[in-house]
Amino acid sequence: MTITRINDFYSNSIILITGGTGFVGKVLIQKLLSAFEVQKIYMLIRCKDNMTVEQRLEKFLNESIFDVLREERPQILRKVRAIRTNFSAIDLDIEAADRELLRNEVEIVFNVVASVKFNEKLSDAIDINVLGTKKILDLAMEMNNLKTFLHISTLYCNCNRKYINEKVYENDIGYEKIIQIFRIFDDQTLEKFRACLIGEMPNTYTMTKKCAENLVNHRAFHLPAGIFRPPIVISTYKEPFPGWTDNLYGPSGLCTWSARGLVHCIYGNSRCLANMVPADYCVNAMIGTAWDIARRYKLNKYDDHAKSKCELPVYNYISGDNNLTWGQYMNMSRKGFHEPFDKPLWCFSYIIIPWKPLHHAAAFFLHRIPAYILDLIALVTGQKRIYVKAYQKMTKIIYMMSWFGLKEWKFANCNIKELHSQLTPAERKLLEFNIETIDWATYFHSYLSGIRKYFFKDSDNKLHKRKVLYRR
């Protein structure tokens, strides 16, 4: 039996991507268009901000991540098609003709859509992360030519454990009961059950992502399906260019606030592993994983023992080597200071404190008092008072993130290692995702400058003026 290689697998393929307008989704679509001769990419897009899906698609394709493709191969962007959807509707509110199109054409599904807010309202987190996954899976089950269904989870969906294997762990409360409770109670009542439903998990995000894994594992065991668990995904390393990002989620926001002189004390342990990966490496691993799921599914057809197994393959995308600690992450971020931010409040200075009472005391002097002084100055000068509220918000985020900054986990990663070993040298070059090959010193040279350029839309002309000013 001939095993299809990656280029052949994606050649002339028709792909469905959920969550394509998000950070990882954008990098994924850019890579698929630039590296493979795909036939079409369908995106499920909802109407938003008084814009039609066609307008949102046009805006999406004008993002900076597609600059090179627009300049060199503009016709390739026509391969991306928008399908209007509503994730809150029972059947996703996809038009009958569009649903029939997806049913007959789609071969590969990347289910990336998720609510990634740690403090998301429980009802919204269940609606998007659990019910949304169920609806996408129901759609995939109707597809006549499905070769792979890849569900994107998170490395932290079992963060209540010390050792996390490449398997799906059952919930204390099953996903069916979670869905039932969601449908019975209104948002206010549901929030009263929050502590009970979350249990040992730190937030609604990790709890609902764990539920979604259980749902996929129980309902898709007969499909060519699998689960991919990425760690914290940060800006790109090389592709399509260094430092690209469109958000300040998680540590990127914390690091940026520190670089702009807003945050000076962080609650966490500088010696704990941060478990981060550049977005282009993560996407390369996802693309390779989708191929590997199809490869395994074909092999298992000829293996009676494998047929009896009901669990889907799970890929913990992490490496024990070349994994930065939080202290190294913050320290190496200084390498981007050759391109300073606009209007910094103070210099980049910080301490990482693992003891909560000491952090409270330090935050009082380094955050709260300066915030009140700055708001007092703003009041006297007739400006808007923003600093006390800003520091309250930042403090809340610092403590939400501390749950992950104070702990360490051990992860099995046999499936990711096996996937890498299956690739030829040419395929490894095309889909580089081995974390051990990252030169973090080179990466961080463009990390903060990428945030400045791509998130804050800061022009090179303004940067040049700041550099001249700082030299004086």
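Reader: Over residues 366–458, how much of the chain is helix, how much is strand, and how far apart are the end C-alpha atoms?

Author: The chain there is 69% helix and 2% strand, and the end C-alpha atoms are 28 Å apart. Helices are DSSP runs of H or I with at least four residues, strands are E runs of at least two, and both are numbered from the N terminus. One caution: this is a predicted model, where local features need pLDDT of at least 70 and side-chain atom pairs count only at pLDDT 80 or more, while totals for chains, interfaces and linings use all residues. Residues are numbered from 1 along each chain as its sequence is written, and side-chain values use heavy atoms, with hydrogens and water left out.

Reader: Which UniProt annotation covers 366–458?

Author: The unreviewed UniProt entry has "domain: Fatty acyl-CoA reductase C-terminal" there. UniProt positions are given in the numbering used here, feature names are shortened, and annotations may be inferred rather than shown by experiment.

Reader: And what does the record put on residues 17–286?

Author: The unreviewed UniProt entry lists "domain: Thioester reductase (TE)" for that stretch. Over residues 17–286 the chain is 41% helix and 14% strand. The end C-alpha atoms of that stretch are 12 Å apart.

Reader: Helix packing next. At what angle do H15 and H16 cross?

Author: Roughly 160°, with the axes of H15 (residues 356–380) and H16 (residues 387–405) coming within 8 Å. Axes are lines fitted to C-alpha atoms, for helices over the stretch in contact, and angles run from 0 to 180 degrees between N-to-C directions. That makes H15 roughly antiparallel to H16. Under 35 degrees counts as roughly parallel, over 145 as roughly antiparallel, 65 to 115 as roughly perpendicular, and the rest as oblique.

Reader: Which residues of H15 and H16 make the contact?

Author: From H15, they include His359, His360, His367 and Tyr372. From H16, Tyr387, Tyr391 and Tyr399 are among them. Contact means heavy atoms within 4.5 Å. By class, the contact of H15 with H16 has 8 nonpolar, 3 polar and 2 charged residues. Ala, Val, Leu, Ile, Met, Phe, Trp, Tyr, Cys and Pro count as nonpolar, Asp, Glu, Lys and Arg as charged, and the others, Gly among them, as polar.

Reader: Switch to H6. How do H6 and H10 cross?

Author: H6 and H10 (residues 204–219) cross at roughly 20°, and their axes come within 9 Å. That makes H6 roughly parallel to H10. The contact of H6 with H10 has 12 nonpolar, 4 polar and 4 charged residues.

Reader: What about H6 with H7, what angle there?

Author: About 125°, with the axes of H6 (residues 122–141) and H7 (residues 175–184) 11 Å apart. H6 and H7 are therefore oblique to each other. Ser123, Ile126, Asp127, Val130, Leu131 and Lys134 in H6 meet Ile178, Ile179, Phe182 and Arg183 in H7. By class, that contact has 6 nonpolar, 1 polar and 3 charged residues.

Reader: Aromatics now. How many pairs?

Author: The count comes to 29 aromatic pairs. Rings of Phe, Tyr and Trp (its six-membered ring) pair if their centres lie within 6.5 Å; planes under 30 degrees apart count as stacked, over 60 as edge-to-face and the rest as tilted. Phe23 and Trp244 have ring centres 5.7 Å apart and planes at 20°, so the pair is stacked. Phe23 is in H2 (residues 23–35), and Trp244 is 221 residues away in the loop between E8 (232–234) and H11 (251–259).

Reader: Which peptide bond is cis?

Author: The one joining Glu239 and Pro240, with omega about -5°. Pro240 lies in the loop between E8 and H11.

Reader: Where is Leu248, and what does Leu248 touch?

Author: Leu248 is in the loop between E8 and H11. Leu248 touches Gly253, Thr256, Ile451, Phe455 and Phe456, not counting residues up to four places away in sequence. Leu248 and Phe455 are 207 residues apart in sequence, yet 8.0 Å apart in space, C-alpha to C-alpha.
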